[in-house]
Every structure is written in structure tokens, then in C-alpha cells.
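Colleague: I am new to this one. Can you walk me through it, one question at a time?

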Amino acid sequence: MQTPPAISFQDLGQCFETRSGRIEALRGVEFDVVRHEFVAVLGPSGCGKSTLLRLIAGLLEPTSGRVEVFGSSVKEPRDDVGIVFQKPTLLPWATIEDNVCFPARHKRGRVGANERTRARDLLDMVGLKGFEKRLPNELSGGMQQRVGIARALFMRPDILLMDEPFSALDALTREEMGLELLRIWEAEPKTVLFITHSISEAVLLADRVIVMSARPGRVIEDIKVPLPRPRGLETSNAQVMNDFSAHLRSLLVAPRAA
Ligand SMILES: Nc1ncnc2c1ncn2[C@@H]1O[C@H](COP(=O)(O)OP(=O)(O)OP(=O)(O)O)[C@@H](O)[C@H]1O
């Protein structure tokens, strides 16, 4: 039997009823993400990118069509799906280590010795060794976002959903975090669905880029990134990256009719 994709959107439609009427956020969205693939989603503001993540995360039910994770329809949040938001929303009174362990405390009400070791290993992996006992407000924005990534990885999810995770950071830290994410992804392979407004970030990080139209969001382009791995800072300057980015920009500036 063929292995199902990690994520599958099938003729997906999403509407919201609001006081000012019905909003059609997504229409006929259809694409798969195979296991351990890194896929970026680009699209204009309000085209339903975050809605796609909420559907996979089991925080929302589709109005029509299907959303599947490893071949099963998503009914509720799953342990094998981790999420990193734009802001890490850490517990301000808990240490960095306790913040990373939070999923265990939330699920079982306690944190075991192995889990503490796991949290410390993850903090080491995201470059925060020595900060375990600090409080969130003692860390910079970039460091706090690293804690958010460590927390999302804590339950060893197979799928990592990232909703503009670096958009609140300055340009240099953002680039550094992107490269660090690639290093983590290579060390602990994951299926990543990465929402961003940044063309260069999408191209630097992803295997494939999905470009969406303005609302109602539809897929207008599903395209492989023609850059070899491993990627690094030198990739940012490669001519092929510039050409590919220019192509994506043309789609976003003058999106085809949905
Ligand atoms: N719970 C909700 N109730 C009503 N409307 C909603 C709800 N969630 C999203 N929407 C609407 O659906 C559309 C898509 O929203 P979504 O946040 O997914 O877009 P986005 O592409 O992530 O936007 P941005 O890039 O600005 O973050 C928007 O018009 C938004 O106002």
C-alpha cells in the first residue's frame, strides 16, 4: 500500500460567518506535503494561510473538503503536530526549561527526569545552553523564538507548523534563525509547513513553494525550489535564487484570477 502524505488538503473550502456576512477564506485548495518535506506557503494578507495551519492543527473544522494528516481526517489537535507562532507566547513566570517542558505538564500534569533531559538537549540544539533557569523576559526576541521552537519540538512531532515564526525579528536575526531552522531540520527531520510573507525566506528554506491567490485563497502555483542542499548564506546570493524569487514576486504582484 502507498504511504499517505504527511499532510493532504483535498478540495478544501473554508467560510466564516461574521456579523457583517459570510467570508469565504479558502476555495478548492488542493495539495499534499510528503513526509519530511519543507513546504513554504506565500500569499497576500488575508488569503487564508493561517487558516490552513489551524485546520491541520485541529483547531478548526473545514467547511467543505478534507484535511488529512498521515491519511486520517483531522478531528482534534494531535501530539505529532507541533506549532510555532509569530510570537512564542511563553509563560512569563516559568523558567525557560519549564516552558519547553510545558507540553508534558499540560498533558500529564507532571514532568519526568527524561523529559527534563529532553528539554535541556533541545535548548542546547537551539543554541540556548546555559539559559535553562532564566525567565523569558531575560531573553531577546530571537532567543524567545528559539524557546518556542524547542517547545514545539518537545513532543517529537512529525509535522511542524510554522506561522510567520521570524516576522517579528530584525532582518539579520531572521536570516540567522532561518539557517538555524535548516540545521535543526537536518538534525531531526520533520515535515514542515512554513507560512511567510518573505519570498527570500521561502526560497532559502523550502523544497517547494505554494503561492496562493488573494481571498478566497486558492493555489495559483505549486513549484519546486531549484536550489541544492545544504543551503547557507552563499545561497542567498545565487543567481538562480534571484531568478526564482523574481518569478514568485511576479505572481504575487499581479496574482492570476482565482
Ligand atoms: N475566526 C474567524 N472568523 C471570521 N473570519 C475569520 C476568522 N479567521 C479568519 N478569518 C478571515 O479569513 C480570512 C483569512 O484569514 P487568515 O488569518 O487565514 O489569513 P492570512 O493569509 O494568514 O493573513 P495574514 O497574512 O494577514 O496573516 C481573513 O479575511 C480573515 O479575516
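This is a predicted model: local features need pLDDT of at least 70, side-chain atom pairs count only at pLDDT 80 or more; totals for chains, interfaces and linings use all residues.

Modeller: By class, the shell around the ligand holds four nonpolar, seven polar and two charged residues.

Colleague: Which element gives the largest share of the shell around the ligand?

Modeller: Three elements, β1 (7-18), β2 (21-33) and α1 (49-56), each supply at least two residues of the shell. The largest share is three residues, and it comes from α1.

Colleague: Which of the 13 residues around the ligand come nearest?

Modeller: The shell around the ligand includes nonpolar, polar and charged residues. Of its 13 residues, the nearest are Phe-16, Ala-25, Ser-45, Ser-50 and Thr-51.

Colleague: Now to α3. How far apart are the end C-alpha atoms of helix α3?

Modeller: Helix α3 covers residues 113-125, which is 13 residues. At 1.5 Å a residue they should span 18 Å. The model agrees, because the end C-alpha atoms are apart by 18 Å.

Colleague: Why do the buried residues of α3 line one face of the helix?

Modeller: The buried residues include Arg-118, Ala-119, Leu-122 and Leu-123. An α-helix has 3.6 residues a turn, so residues three or four places apart point the same way. Seen down the axis of α3, the buried residues therefore line one face, falling within an arc of 135°.

Colleague: What do the buried residues of α3 pack against?

Modeller: The face turned away from the buried side carries exposed Ala-113, Asn-114 and Thr-117. The buried residues of α3 pack against α2 (96-108) and α4 (141-153).

Colleague: Which residue just after α3 takes a positive phi?

Modeller: The phi is about 80°. The residue is Gly-127.

Conventions: Residues are numbered from 1 along each chain as its sequence is written. Helices (H or I, at least four residues) and strands (E, at least two) are DSSP runs, numbered from the N terminus. The expected span of a helix is 1.5 Å times one less than its number of residues. A residue is buried if 20 or more other C-beta atoms lie within 10 Å of its own, exposed if 12 or fewer, and partly exposed in between; C-beta atoms are placed from the backbone. The arc is that of the directions from the helix axis to the C-beta atoms. Two residues are in contact if their C-beta atoms, placed from the backbone, lie within 7 Å. A residue is near a molecule or strand if its C-beta atom, placed from the backbone, lies within 6 Å of it. Ala, Val, Leu, Ile, Met, Phe, Trp, Tyr, Cys and Pro count as nonpolar, Asp, Glu, Lys and Arg as charged, and the others, Gly among them, as polar.
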